[in-house]
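Notebook open; today I am looking up nonpolar cores and aromatic rings.

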Amino acid sequence: RFRLQWEGGNSTGIDIPDGGESVFEFCKTIEGVTDHHLMNGAIGIISNADVYAGTCMSYSDGMSIAMIPYLRESKNSSTTFANVVSHEMGGHGFGRLADEYQNSAERIPDLEKELLLLWQSVGYNKNVSVYPQQSESPWSNFMGVQGYSHVGMFEGGNYYKYGVWRPEEISCMWDNRLYYNSPSRYFIVERIMQIAGEEFSMEKFVEKDVQKTDNTQTKSTDMSEFRPLGKPILIK
């Protein structure tokens, strides 16, 4: 219906000239669904293409469209359909998280840094930091919290090897594993609570946070064997 396309490599796109408006209008044909619901939720469009790919379009008003092909089988445990849904729709779309892997062995350019800070000012991409000190990062509130000594500063993220830091070595936004790092979980739960109109605090988060760290692997995946998904599209 929306001419979802596999664009080659690991990227997907929609061949519509209205920037996604027809997708939003279609969703609002569901009884009771309004712009308010779309701004506080996430949309996923599943393509019948049997490939490993995925891209998310995120809008500054809170709306998002994750475009995900339906991969039938995968030889890699981090590239299944469920992994891509978690990364694209859960991570980018609802969680408003940045990618944490590095496509470049270079330092993040000043223009990219300024753009990252701009989106962080409106609540996006807070799982990466352009500052090396945790006290200046978006997850500074994890400092000294019991049970979260694994949260710190790991250089590399947002497609660059240098000048950007992530809070844990491994995470869903690093290699699609079904584990969001602690600050990412915090930001996701914080958004849920805000939408529900409930008070939120670090104490409430810690109380309900069942799995504090990923015990299955303490070392990051060899990125030479991992294919990153399409870069998310941020629309102001």
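My entries on packing and ring pairs follow.

I am working on a predicted model, where local features need pLDDT of at least 70, side-chain atom pairs count only at pLDDT 80 or more, and totals for chains, interfaces and linings use all residues. Residues are numbered from 1 along each chain as its sequence is written, and side-chain values use heavy atoms, with hydrogens and water left out.

**Cores.** I looked up nonpolar cores (buried Ala, Val, Leu, Ile, Met, Phe, Trp, Tyr and Cys joined through side-chain atoms within 4.5 Å; buried is under 20% relative accessible area, with a 1.4 Å probe and protein chains only). The largest has 17 residues, and Tyr52, Val84, Tyr101, Val128 and Leu229 touch the most other members. Two or more residues come from each of β5 (64-69) and β8 (159-166), strands being DSSP E runs of at least two residues, numbered from the N terminus. β8 gives the most, three residues. Apart from this core I found another of 14 residues, including Ile16, Cys27, Leu38 and Met63.

**Rings.** I count 12 aromatic pairs (Phe, Tyr or six-membered Trp ring centres within 6.5 Å; planes over 60 degrees apart are edge-to-face). Trp119 and Tyr124 are edge-to-face because their planes stand at 80 degrees, with centres 5.2 Å apart. Both Trp119 and Tyr124 are buried. Tyr186 and Phe187 are also edge-to-face, at 5.9 Å and 80 degrees. Tyr186 counts as buried at 10% relative accessibility, and Phe187 is buried at 9%. I find Tyr186 and Phe187 in one aromatic cluster with Phe142, Tyr148, Phe200 and Phe205.

Conventions. Buried means under 20% relative accessible area, exposed over 50%, partly exposed in between (1.4 Å probe, protein chains only). Helices (H or I, at least four residues) and strands (E, at least two) are DSSP runs, numbered from the N terminus. Rings of Phe, Tyr and Trp (its six-membered ring) pair if their centres lie within 6.5 Å; planes under 30 degrees apart count as stacked, over 60 as edge-to-face and the rest as tilted.
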